[in-house]
Amino acid sequence: MSKEPAETITLTARQVALVHDFIFGPQHRFDDRSVCIIGYMELFSRVQDKRPSLLKKLSGCLTTAEALFKSLADQAKSAQLAVQAKRFNPQYDGEFSAESFYRLRRPTNPVPLKAKELEDYFGQLADWAKAVTAFLHATSNRVEQSANDSDLSEVRDETKREFDALWEEQKSLIAEFNTMCGIERSELNQACQMS
Amino acid sequence: MDTALAPTSRKSSSKPVIFAVSGDEDMADFYRAALEHCVKPEPEVHCFLRAEVALRAIESASRQPDLLISHYLLHSKKDSSMTGLELIKRCKEAAPKLKTVLVSGLDLKEIKQLLEVSDTQPDAFLHVPFDPEHLASVVEPLFHGDARSAGQITQ
């Protein structure tokens with residue numbers, strides 16, 4: 001490793017788009033997860049005769065969501081470590097994630113990013129995804145404990161509040177990434193479709 | 001999964017028929033539960049994970065669905081490259097009377113821009129996240145041909 005860390009990392013627009021695709025894709029699915037989880041809690045409270053089946057679906061959704069965000073946290077952590085490796089060794093040609101956006105090297109529209117900023121950013125994203133994972137795990141436990149209750153309204157209200165807070169954080173993180181790259185979402189979408 | 005998720009029942013052909021398309025299996029499953037429990041009259045719900053399969057089902061159906069609900073973003077690495085808006089356009093070509101609802105969690109400003117340049121418009125729009133009550137309030141007026149009281153894009 002060299003002693004002087006690199007100040008910038010240059011990614012092509014395509015590479016930035018792939019980061020968006022691989023890492024932000026699951027993050028966007030956060031909204032769908034909240035619809036299903038809160039929605040099943042609502043249905044549980046209003047539908048009397050199918051509670052066991054609704055509870056099973058709710059538990060299934062929570063489990064899937066937990067696995068999704070655990071994987072997102074792992075990917076973001078891996079991206080953080082890869083940026084760190086590249087920052088200290090510009091020759092480093094490893095992968096940011098299992099699905100490596102580094103394999104694609106289109107020299108179009110290079111986007112210079114501040115290396116330390118990008119590394120910290122992925123760290124923040126990993127922390128966010130870990131917080132979501134922990135929250136989903138705790139919610140699963142609460143749902144399991146409340147399975148005999150006539151309704152889940154208290155759990156639902158708290159879950160909704162927590163989802164709203166995490167959603168706001170998610171929006172800030174995406175906005176921060178776009179600002180850092182100086183790229184609008186429409187450009188990212190266009191770059192994603194180039195492949 | 002390449003096939004439609006089977007409806008829970010085919011009891012009555014007089015029930016309104018809804019096709020729901022989402023690339024996410026949990027979400028597709030949720031549509032069925034929410035629509036069947038909250039919408040009056042209770043519809044027969046068919047869920048699809050792939051736009052192409054939903055389109056083929058509409059093109060070949062002996063009875064056209066009354067309503068199509070589709071997410072805007074449907075594609076993933078191994079799936080369709082069609083967006084929900086493109087699916088709506090192609091389904092309307094096959095079934096001109098079909099009512100449609102576009103669903104998205106994208107920023108409303110971005111959705112408005114997409115709709116402005118599109119030559120197809122959904123009858124209603126549903127912004128994610130939503131709850132089952134809101135889903136029902138968007139869907140039910142469409143059964144009665146009242147698109148104006150269904151979901152519109154509002155900031």
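What follows is a conversation about a predicted model of a complex and the reasoning behind some of the terms used for it.

Colleague: Before we go into detail, what is the secondary structure of chain A, and in which order do the elements run?

Modeller: Chain A has five helices and two strands, and from the N terminus these elements follow the order β-α-α-β-α-α-α.

Colleague: What makes A:Arg33 count as buried?

Modeller: A residue is called buried if 20 or more other C-beta atoms lie within 10 Å of its own, and A:Arg33 has 24 C-beta neighbours inside 10 Å, so A:Arg33 counts as buried. This arginine lies in helix α1 of chain A, and, leaving aside residues up to four places away in sequence, A:Arg33 touches A:Cys61 and A:Ala65. Across chain A, buried residues make up 37% of the 195 residues.

Colleague: How far is A:Arg33 from A:Arg46 in the model?

Modeller: Their C-alpha atoms are separated by 20 Å, with the two residues 13 places apart along the chain.

Colleague: Why is α2(A) called roughly antiparallel to α3(A)?

Modeller: The two helices pack at an angle of about 160 degrees, with their axes 8 Å apart. Angles over 145 degrees count as roughly antiparallel, and therefore α2(A) is roughly antiparallel to α3(A). The crossing of α2(A) past α3(A) is left-handed, and the residues of this contact divide into 18 nonpolar, nine polar and seven charged.

Colleague: Which elements of chain A give two or more residues to the side that touches chain B?

Modeller: In the model, 18 residues of chain A are in contact with 15 residues of chain B. The elements that give two or more residues to that side of chain A are α1 (13-46) and α2 (51-88), and the largest share, 12 residues, comes from α1(A). By type, the residues on that side of chain A are eight nonpolar, four polar and six charged.

Colleague: How confident is the predictor in chain B and in the complex?

Modeller: Chain B has a mean pLDDT of 84, and 81% of its residues reach 70 or more. Over residues 8-12 of chain B, however, the pLDDT is below 50, and this stretch has four contacts in the model beyond near neighbours in sequence. For the complex, the predictor gives an ipTM of 0.83 and a pTM of 0.81.

Technical notes. Residues numbered from 1 in each chain as written. Chains lettered and ligands numbered in written order. Predicted model: local features only at pLDDT ≥ 70, side-chain atom pairs only at ≥ 80, totals over all residues. Helix = DSSP H or I, 4+ residues; strand = E, 2+ residues; numbered from the N terminus. Buried ≥ 20, exposed ≤ 12 C-beta atoms within 10 Å, placed from the backbone. Contact = placed C-beta atoms within 7 Å. Nonpolar A, V, L, I, M, F, W, Y, C, P; charged D, E, K, R; others polar. Axes fitted to C-alpha atoms, helices over the stretch in contact; angles between N-to-C directions. Parallel < 35°, antiparallel > 145°, perpendicular 65-115°, else oblique. Left-handed = near helix turned anticlockwise from the far one by under 90°. pLDDT = per-residue confidence, 0-100.
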